[in-house]
Amino acid sequence: SSSQREYVEQINRCNFGVGLEYEGENKIAFENTQQMMKNSVTRLAEQLYSEDIHFQMELIQNADDNDYPTDTDYPFLYFKVHDDGIII
């Protein structure tokens, strides 16, 4: 609907500057801020996913997020580390 579209456009305008007119120093400042945010997000993502532990933490989180039947024993996760790999 029109009101939903207007709401989304307002969010884009107020939070992300979409559709706003910038000139001179305001344009430069806005573009610099956008670039700094992009660089920050990229650096954060690279650091999060470059950690060796991230893979194991994702597996543990995924196991924790699952629903298990109430009539079973407590679930467990087992890692056996070898020189040539990991058995889960």
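**Questions about a predicted chain**

Read along its sequence, the chain of this predicted model follows the pattern α-α-α-β-β.

Me: What makes this chain more spread out than a compact globule?

Reply: The radius of gyration of the chain is 23 Å, whereas the globule rule gives 12 Å for 88 residues; the value is well over the rule, so the chain is more spread out than a compact globule. Along its principal axes, the C-alpha trace spans about 60 × 40 × 15 Å.

Me: How many helices and strands lie behind the pattern?

Reply: The chain has 3 helices and 2 strands, and strand β2, which covers residues 85-87, is the place where I87 is found.

Me: Why is I87 called partly exposed?

Reply: Its relative accessible area is 47%, and because buried means under 20% and exposed means over 50%, with partly exposed in between, I87 counts as partly exposed.

Me: Which residues is I87 in contact with, leaving aside its neighbours within four places in sequence?

Reply: With those neighbours set aside, I87 is in contact with Y78, F79, K80 and H82, where contact means heavy atoms within 4.5 Å. As for D65, that residue and I87 are 22 residues apart in sequence and 21 Å apart in space, taken from C-alpha to C-alpha.

Me: What share of the residues of the chain count as buried?

Reply: Of the 88 residues, 3% count as buried, which for each such residue means a relative accessible area under 20%. The accessible surface of the chain comes to about 8,500 Å², and 53% of that surface belongs to carbon and sulfur atoms.

Notes
Residues are numbered from 1 along each chain as its sequence is written. This is a predicted model: local features need pLDDT of at least 70, side-chain atom pairs count only at pLDDT 80 or more; totals for chains, interfaces and linings use all residues. Side-chain values use heavy atoms; hydrogens and water are left out. Helices (H or I, at least four residues) and strands (E, at least two) are DSSP runs, numbered from the N terminus. Buried means under 20% relative accessible area, exposed over 50%, partly exposed in between (1.4 Å probe, protein chains only). The radius of gyration is taken over C-alpha atoms; the globule rule is 2.2 Å times the number of residues to the power 0.38. Accessible areas come from the Shrake-Rupley method with a 1.4 Å probe; for residues, only the protein chains shown count as cover.
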